Amino acid sequence: MHIFRVFLYLCPRYNKLNMIRLLLLSFFLAITTVSGAQDMSFSATLRQIDEAINESPQIVEAYERQLDETHQQYRAASSLDDKYRLAFKLYEQYKSFMNDSAVYYLEEAQLWAEHQGKQALVGNCLALKAFQCSTVGYYNESLAFLRQINKQQLDSVGLRNYYQSQMHVYGELGYYTNIPSLKEEYFKLQRLYRDSLFSIIDHRDPIYLMYRVYQLQEQKRMEEARKLSDQWVKQLSPDSRDYAIACYYRSLSSDTDDDRKTWLAQSALSDVRHAVMDQASLLALADLLNADGDLDRSYRYIRFTWDCNNRFNTRMRSWQIAPILNVIEKNYQSAVDHNTKVLRMSITVVSILALLLLGVLLFLHRRNRQLDTARNELKASNSQLSTLNSQLSAQKEELSQLNSQLSTVNSQLSESNIVKEEYIGRFMSLCSQYIDKLDDYRKMVNKKMKNKELDELFQISKSTELKEKELEELLQNFDSVFLHLFPHFVDDFNALLQPDMQIHPKDDNRLVTEIRIFALIRLGIEDSSKIAEFLHYSVNTIYNYRARIKNGALDNRESFERRIKTLGI
């Protein structure tokens, strides 16, 4: 029975229709996503287990080096207290690695405790030996050790191990006996000792969590068992040896085979990485994989479990492995027979296809000879066509030049149409806005005249603020439309100037006067008087701006404005 295997790991311390369709679709997609993620996670864990099994010799070798180091310390120890402490440490190192050695060093620890007269430690060693023996099926020896214990001489640690050992041996006897009356009696004693154990340990203790989870599973309270085991798993680091135990118990309360396999895989991975030889999780996982049809991996896991069991030396695990191994071997042989039949059919099909291929090759050889004759005739025709093609190529080159010129003209016309459409739209919008503004201004003047506010009206008419505001708004609209049409104009404009003459507006969405002048030239307004009229500058000022910028051109200043007109094409 798997429940008490964990003690080997533990230290003795501590639209409506459319909406409905959409919701259903979302629900199924979510399920599919989660299921896919779980499958990917499980597959990744299996690959990690495969890698860990391949590395197992190195893992075991490293663990044996730790054992050798402790052995050397034990042989070198001189005081009785050190000998007891190191013998007990060797037991802890061997208890999930090699059962016989674990029992041997418990005997040694018991001996050194007796020499010191520490009866509490002697009783604790007896309780642990009883548990170790019941783990491998030595139930009479286990009960004999337990009868030697005086409960009154035990401390809290020894008493806890005593109750655990009693609970374990009677649980094992109840599980394996075929006599109903004895089975009930053994399970009754198991529950009695479990209640005693629960009465002396903290409910936050991992020991309590482990046995409480199993108790809930016995009572078929699986939802509570899952919640408690999830809480237990969260308390542990995946790198700890206790993590394998918690994952194993979590798998026992799983409501689906996929969930159980996921937790068993996590537990088995931790066992292999920690050189645990009592491989209950990997054995259960191999059984499930065999049922799924993954025979190769299942067989590999069973063989690894068998090798580990031989090292640990427990009859109970051998009895559990043997029937599973027989089933896997039968399934494997069935798969081999099936593959043999498939292989024979494949060979037959391939032979038929080979004969067909030979016939096709003979047919193709005949066709190739016919094609060679036709190819020679085509060569003569191609020679004549080549002469005609050379004559046509000259005409194509002329047509290509004409097409290139036509494409340039079409591009300019298309750009001109876009500019016209954009500015006509903005012009109509501004006209409408100015009509509204003039009407508002008329209403304001009319109101003030009615109210005889002539002085205030006079002051308004003297101020140029309105003009400046409207001019600024006009320039802002111009800048916005122009940069919308030619977003890279400023960078392209500066690329034509010497570095010290380049102009960079502070605001990315605005132009400065010098760039506006050449922006108007880019739009086809070249007359300085028209530019001055639009920007409200004198003609002389516009002329000076143009001359200064052209003097800073990288290349010929005479062709500067002509190149400006091509920017953005």
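Predicted model: local features only at pLDDT ≥ 70, side-chain atom pairs only at ≥ 80, totals over all residues.

Colleague: Okay, which residues of α3 and α5 meet?
Modeller: From α3 you have Tyr-84, Phe-88 and Tyr-91, and they meet Leu-121, Asn-124, Cys-125, Leu-128 and Gln-132 of α5.

Colleague: And how does that contact of α3 with α5 split by class?
Modeller: Six residues are nonpolar and two are polar, with no charged ones.

Colleague: What about the axes of α3 and α5, how do they cross?
Modeller: Helix α3 covers residues 80–94 and helix α5 residues 119–135. Their axes come within 13 Å and cross at roughly 15°. Angles under 35 degrees count as roughly parallel, so α3 is roughly parallel to α5.

Colleague: Is the crossing of α3 and α5 left-handed or right-handed?
Modeller: Left-handed.

Colleague: Switching topic: what's the geometry of α19 and α20?
Modeller: Those are residues 513–522 for α19 and 528–535 for α20, with axes that come within 11 Å and cross at roughly 125°. The two helices are therefore oblique to each other. The crossing of α19 and α20 is right-handed.

Colleague: Which residues make that contact?
Modeller: On the α19 side, Arg-516, Ile-517, Leu-520 and Ile-521; on the α20 side, Ile-531, Phe-534 and Leu-535.

Colleague: How many nonpolar, polar and charged residues are in the contact of α19 with α20?
Modeller: Six nonpolar, no polar and one charged. Arg-516 of α19 is part of that contact, and Arg counts as charged.

How values were computed:
Residues numbered from 1 in each chain as written. Heavy atoms only, no water. Axes fitted to C-alpha atoms, helices over the stretch in contact; angles between N-to-C directions. Helix = DSSP H or I, 4+ residues; strand = E, 2+ residues; numbered from the N terminus. Parallel < 35°, antiparallel > 145°, perpendicular 65-115°, else oblique. Left-handed = near helix turned anticlockwise from the far one by under 90°. Contact = heavy atoms within 4.5 Å.
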